[in-house]
Amino acid sequence: QLLKIAVIGAPNAGKSTLINQIVKRKVFPISKKVHTTRFRARAVYNEDNVQLVFLDTPGLVTISESEKYKLRPEFVSGGEDAIIEADIIGVVHDLSNHYTQKQLDSKVLRLLYLYKNKESFLILNKIDTVKSKRHLLDLTKKLTGGVLKKNRSSEENSLSEKSIHDIIKNNKTWENFSDIFMISALLGTGITELKTYLLNAAHSGDWLFPENVFTDQNHNQIIKETVRSKLLEYLPQEVPYNLKVELEYLDLEQEDSISAVVIIGCDTPKYEKLVIGGGRRIKTIATEAEQALSDAFLTNFRLRLVVCGKQM
């Protein structure tokens with residue numbers, strides 16, 4: 001049995017953390033800054049005769065945001081591409097953001113209207129930041145209009161982009177979610193219930209990946225993006241978005257470990273100084289990246305970071 005799940009949401013909603021929890025590996029890098037996930041990738045979870053394929057997407061952004069952060073084209077189109085491929089849509093909504101917690105993101109709503117014939121469910125993430133149960137229930141009502149729709153419509157979307165734009169300008173709710181899950185992806189709260197729901201939703205179909213495969217990313221991608229996520233975590237403002245990360249050396253031949261050398265290219269002496277941080281910052285980044293990579297590959301990982309004063 002098989003189920004392909006598109007996981008969409010605003011930047012930093014916790015999509016990658018959620019998927020990592022379900023598949024029990026750090027397949028996707030995470031950080032506190034927006035745009036840690038830079039391209040579409042798949043994570044795979046197998047249980048008994050069921051394969052769940054998660055289509056993780058970059059946080060949905062506008063073209064202007066994409067240009068500001070020097071992001072790849074996937075940031076604008078990734079969510080829609082994932083939905084086209086998916087059987088079901090999971091919308092991750094961040095409850096820790098007090099400015100946006102009471103309404104769904106306009107870019108998310110646009111996709112839900114465009115593909116309203118696909119089943120969708122709501123994942124309220126970071127519930128540990130909401131202290132009142134009453135407030136949590138009120139937020140749920142605001143986001144869904146107090147309505148759940150167990151049977152999805154089979155009709156194709158007939159609304160134009162302009163019509164959808166006019167609707168979501170004044171209405172930030174979605175009344176067609178089939179279910180709601182309240183979770184903390186970071187703490188693992190509510191993950192079991194969500195996983196059970198997805199396993200039960202699987203349909204007859206051939207597996208897309210062999211049993212021993214946990215992602216469609218190659219070693220190069222996973223290593224580079226993990227290092228980049230730690231740069232995002234420890235460097236100020238927009239500095240990490242202007243660094244170049246390249247894999248210089250990779251050894252997969254050792255029986256019980258992986259070794260890699262990653263170069264961090266800095267185009268100004270100021271950036272180079274910030275990355276090194278007197279030696280302590282780069283050591284912390286290397287240590288945490290090494291641990292994350294060990295968790296991803298489930299083996300010992302030896303990582304060396306080299307900071308270059310001029311971009312490659």
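The questions below concern the sheet and helices of a predicted model.

The model is predicted, and local features need pLDDT of at least 70, side-chain atom pairs count only at pLDDT 80 or more, while totals for chains, interfaces and linings use all residues. Residues are numbered from 1 along each chain as its sequence is written, and side-chain values use heavy atoms, leaving out hydrogens and water.

User: Which are the edge strands of the open sheet?
Analyst: Six strands make up the open sheet, with mixed pairing, in the order β2-β3-β1-β4-β5-β6. Strands are DSSP runs of E, at least two residues, and helices are runs of H or I, at least four, numbered from the N terminus; two strands pair if DSSP finds at least two bridges between them. Each edge strand pairs on one side only, and these are β2 and β6 (180-182).

User: Which residue in β4 is the bridge partner of Ile8?
Analyst: β1 and β4 run parallel and are joined by five bridges. In β4, the partner of Ile8 is Val91.

User: How many of the residues of helix α1 are buried?
Analyst: Buried means under 20% relative accessible area, exposed over 50% and partly exposed in between, with a 1.4 Å probe and protein chains only. Among the buried residues of α1 are Lys15, Leu18 and Val23. For α1 (residues 15-23), the count is eight of nine.

User: At what angle do the axes of α4 and α6 cross?
Analyst: Axes are lines fitted to C-alpha atoms, for helices over the stretch in contact (heavy atoms within 4.5 Å), with angles from 0 to 180 degrees between N-to-C directions. The axes of α4 (residues 106-114) and α6 (residues 161-170) come within 10 Å and cross at roughly 130°.
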